[in-house]
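Hello,

Here is the structure you were waiting for. Please open it first, then read my notes on its aromatic rings below.

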Amino acid sequence: MQRAVLKLCCGISYPHVRSMAGLQRAALAAFGQEISVHLQRRPAWSPPRWTRHQQDEKTQPAEQRTTTLADEDVFYLRRGQEALHEALEIVESKDGWKPEMAEKNGDVIYSKVLLGNRKVFRLEAELDASPEELHDILFVRVEEMHEWNPNIRRIRVLKHVGGNTMVTHEVSAETAGNLIGQRDFLSVRHWSKSESCVYLGGAATQFESLPPQPGFVRAEDGPTCIVLQPLQDHPDRTHFIWLLNMDVKGWLPQSLVNKALPRAQADFTKHLRLHLTAQKPENRR
């Protein structure tokens with residue numbers, strides 16, 4: 001990602017984009033068969049529509065893999081897996097992507113219009129951290145995100161489903177320059193791993209005990225995903241791909257939304273880099 005901006009802006013012709021289909025194939029292989037394992041004693045539920053490898057099972061303790069999930073848990077598990085699958089299909093598609101903006105540090109954001117006229121954004125960057133470190137920050141310690149990202153007021157985990165899926169409630173901060181305004185999000189998040197790549201996916205969901213809150217516009221995320229791929233010669237660094245797919249709701253002009261969302265991606269990545277720098281041992285003295 002730190003090559004010339006001109007090469008990055010070629011988008012579809014850039015080598016790692018041409019091979020993007022491999023990302024989805026690897027991720028699908030990593031999803032595992034956790035639903036069929038959990039549901040083998042529950043004939044009322046059908047298995048997923050696609051064939052999965054058993055990699056996800058290896059990331060969960062044995063007692064979790066053998067415990068039968070409740071219907072509600074199955075719903076969130078399937079929702080998270082399907083969101084990741086659908087988001088990767090968008091990321092790997094080769095048609096329609098156009099350069100949206102390029103940062104001086106080499107980060108590039110592309111955009112594409114989906115059916116229904118929704119515009120999605122794909123950020124690509126190179127980060128000075130391993131995929132495992134980023135997974136820990138962005139998924140395992142998601143409730144701490146407000147400590148380093150001033151655009152988030154809080155994130156609360158409402159429910160865990162095994163070790164790979166969770167339901168979260170997120171409230172954005174009221175910050176100066178926020179063109180969209182304060183929103184809240186109710187999302188299911190899911191992660192999977194294939195060899196050295198980590199995949200994070202998510203989408204809007206429902207949670208009976210947390211309906212839309214007074215004073216907030218409930219936006220809807222997803223399907224969205226983040227792909228964390230180690231650099232070939234530097235496994236302690238990561239090629240970071242983030243698909244942002246969001247319906248902010250409310251009565252905002254779409255032109256304003258389409259301007260604000262890629263800027264939000266760039267800001268998020270900036271704060272993530274600052275956090276990674278602060279986490280380095282030499283900077284924690």
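Predicted model: local features only at pLDDT ≥ 70, side-chain atom pairs only at ≥ 80, totals over all residues.

A residue counts as buried under 20% relative accessible area, as exposed over 50%, and as partly exposed in between (1.4 Å probe, protein chains only).

Residues are numbered from 1 along each chain as its sequence is written, and side-chain values use heavy atoms, with hydrogens and water left out.

Now the rings. Rings of Phe, Tyr and Trp (its six-membered ring) pair if their centres lie within 6.5 Å; planes under 30 degrees apart are stacked, over 60 edge-to-face, the rest tilted. The structure holds four aromatic pairs.

One of them joins Tyr 76 and Phe 207. Their centres are 6.3 Å apart and their planes meet at 35 degrees, so this pair is tilted. Tyr 76 is in helix α7 (residues 71-92), and Phe 207 is in the loop between β7 (197-204) and β8 (217-218). Helices (H or I, at least four residues) and strands (E, at least two) are DSSP runs, numbered from the N terminus. The pair therefore ties together parts 131 residues apart in sequence. Tyr 76 is buried, at 3% relative accessible area. Phe 207 is buried too, at 15%.

Trp 148 and Phe 268 form an edge-to-face pair: 5.5 Å centre to centre, 65 degrees between the planes. Ring pairs also link Phe 75, Tyr 76 and Phe 207 into a cluster.

Best wishes
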